[in-house]
Amino acid sequence: MIDEFARNGSLLELYGGLLTEKQREILELYYIENWSLAEIAEYLKISRQGVYDILQRAIRQLNIFEEKLGLLRKNEQKIARYNNILTKMQELLGEDNYKLLLPYFEEIKNLFD
């Protein structure tokens with residue numbers, strides 16, 4: 001399981017296009033650019049409390065989207081299945097053969113990202 005900050009960033013990547021422009025901008029500055037609330041408030045010329053309120057509403061909205069659509073959960077499940085397959089392949093092939101094939105496994109994984 002990923003921490004809350006990383007989870008919110010992942011939700012932003014998945015559902016950011018469904019937010020308002022202001023919500024998306026604030027979340028991008030906070031989660032992607034790693035700005036503080038005070039820096040965002042100064043940049044947007046609104047209060048720090050205003051930034052915090054918009055941030056919280058947007059996060060609630062992202063969680064509603066995830067509850068309804070489940071894209072992050074599905075992606076996490078795919079990654080877990082992929083990792084299980086890699087582990088089984090390593091057991092079946094042995095370490096040396098597995099290392100030879102690993103680039104191909106990664107290429108297969110990239111097809112689904």
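This is a predicted model: local features need pLDDT of at least 70, side-chain atom pairs count only at pLDDT 80 or more; totals for chains, interfaces and linings use all residues.
The inside comes first. The largest nonpolar core holds 20 residues, and the members that touch the most other members are L19, I26, L27, L55 and L62. Helices α1, α2, α3 (37-44) and α4 (48-69) each put in at least two residues. The top contributor is α4, which gives 7 residues to this core. I26 is a handy place to look at the packing: leaving out residues up to four places away in sequence, I26 touches I40, L44, I46, V51, I54 and L55.

N8 counts as buried because its relative accessibility is 3%, under the 20% cut-off. Apart from neighbours within four places in sequence, N8 is in contact with Y31, I59 and L62.

Now for the outside. In soluble globular proteins, nonpolar side chains tend to be buried together. Even so, a nonpolar patch shows up on the surface, made of L14, L18, L69 and L71, and together these leucines have about 340 Å² of accessible area. L18 lies in the loop between α1 (4-15) and α2 (21-32). With a relative accessible area of 52%, L18 is classed as exposed, since the cut-off for that label is over 50%.

Conventions: Residues are numbered from 1 along each chain as its sequence is written. Side-chain values use heavy atoms; hydrogens and water are left out. Patches are made of residues with over 30% relative accessible area and no salt bridge: like charges are joined within 9 Å, nonpolar side chains (Val, Leu, Ile, Met, Phe, Trp, Tyr) within 5 Å. Accessible areas come from the Shrake-Rupley method with a 1.4 Å probe; for residues, only the protein chains shown count as cover. A salt bridge is a side-chain nitrogen of Lys or Arg within 4 Å of a carboxyl oxygen of Asp or Glu. Helices (H or I, at least four residues) and strands (E, at least two) are DSSP runs, numbered from the N terminus. Buried means under 20% relative accessible area, exposed over 50%, partly exposed in between (1.4 Å probe, protein chains only). Contact means heavy atoms within 4.5 Å. A nonpolar core is a set of buried Ala, Val, Leu, Ile, Met, Phe, Trp, Tyr and Cys residues joined through side-chain atoms within 4.5 Å.
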